[in-house]
Structure formats: structure tokens, C-alpha cells
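Open the model in your viewer and keep the sequence panel beside it. The tour below goes from one selection to the next and says what is there.

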Amino acid sequence: MELAKITARGQTTIPKSIRTAAKLDAGDVIAFELRGDHMVVRKVIPVNDDYLEGLSEVLGEWISPEDEAAWRDL
């Protein structure tokens, strides 16, 4: 277990041993989640942008005004 203080501005430093074990680097994004009286901190794994770009190209054919009008009433 490692301890760290929270500053008056709500900031803290993740101890080096924890950063190393969690493979956290400068610029990484972390998420906070409350579970009862526990706080879970987890590294956010970025999604593959190439996949999303390819997916949006494929789904782009479904965003015409005619399609929007047809799906609106469903």
C-alpha cells in the first residue's frame, strides 16, 4: 500500500511504484469510479481511431436526410 496527500486544489501524485506497476506514463488518462466506500482508479485504454474512422465511412451511407426521416418514426 502506498499513501499520498491531496493538495488544497484536489491534486495528488501517484507514487512511482504504483505508476510503474500500472504502466502509467505522462499524458495517460485515468478514470475514477466510486464503489461504496472505495474509489477505483483505472487507466483508460484509448480506442483504435483507425477502426472508428473505417466504421464511420461504412455507416456514412445511412445518414442521409431520407434515412433520418424513415428511421425517426420507428
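Is Lys-23 buried or exposed? Select Lys-23: at 63% relative accessibility, this residue counts as exposed. Here buried means under 20% relative accessible area, exposed means over 50%, and partly exposed lies in between (1.4 Å probe, protein chains only).

Before going on, note that this is a predicted model, in which local features need pLDDT of at least 70 and side-chain atom pairs count only at pLDDT 80 or more, while totals for chains, interfaces and linings use all residues. Residues are numbered from 1 along each chain as its sequence is written, and side-chain values use heavy atoms, with hydrogens and water left out.

**Stop 1: the loop between α1 and β1**

Stay on Lys-23, which lies in the loop between α1 and β1. Helices (H or I, at least four residues) and strands (E, at least two) are DSSP runs, numbered from the N terminus. Lys-23 is not a glycine, yet its phi is positive, about 55°. Most residues other than glycine have a negative phi.

Next, select Asp-28 and Lys-43. Their side chains meet in a salt bridge, with 3.5 Å from N to O. A salt bridge is a side-chain nitrogen of Lys or Arg within 4 Å of a carboxyl oxygen of Asp or Glu. Lys-43 lies in strand β2 and Asp-28 in the loop between α1 (16–21) and β1, so the pair ties together parts that are 15 residues apart in sequence. Asp-28 is partly exposed, with a relative accessible area of 32%, and Lys-43 is also partly exposed, at 31%.

**Stop 2: a salt-bridge network**

How many salt bridges does a search of the whole structure find? The search finds three. Select Glu-33 and Arg-35, whose side chains meet in a salt bridge of 3.2 Å, N to O. Through shared partners, salt bridges join Glu-33, Arg-35 and Arg-42 into one network. Colour the three by accessibility: Glu-33 is partly exposed at 34%, Arg-35 is partly exposed at 45%, and Arg-42 is partly exposed at 43%.

**Stop 3: strands β1 and β2**

Select Ala-31, which is in strand β1, and Val-41, which is in strand β2. The two residues are 10 apart along the chain, and their C-alpha atoms are separated by 5.6 Å. Ala-31 is partly exposed, at 30% relative accessibility. Val-41 is partly exposed too, with a relative accessible area of 43%. Then draw a distance from Val-41 to Pro-15: their C-alpha atoms are separated by 13 Å, and the residues are 26 apart along the chain.

**Stop 4: the largest pocket**

On a 1 Å grid over the protein atoms alone, a pocket is an open set of points with protein on both sides within 12 Å along at least five of seven lines, and lining residues have an atom within 4 Å of a point. About 540 Å³ of space lies in this pocket; such a volume is the space filled by probe spheres set on the points, which are joined across faces, edges and corners.

Which strand gives the largest share of the lining? That share, four residues, comes from β2. Both β1 (30–35) and β2 (38–43) supply at least two lining residues each. By class, the lining has 12 nonpolar, three polar and three charged residues. Ala, Val, Leu, Ile, Met, Phe, Trp, Tyr, Cys and Pro count as nonpolar, Asp, Glu, Lys and Arg as charged, and the others, Gly among them, as polar.

How values were computed: 1 Å grid on protein atoms, 1.4 Å probe; cavity = no way out; pocket = protein on both sides within 12 Å on 5 of 7 lines; lining within 4 Å.
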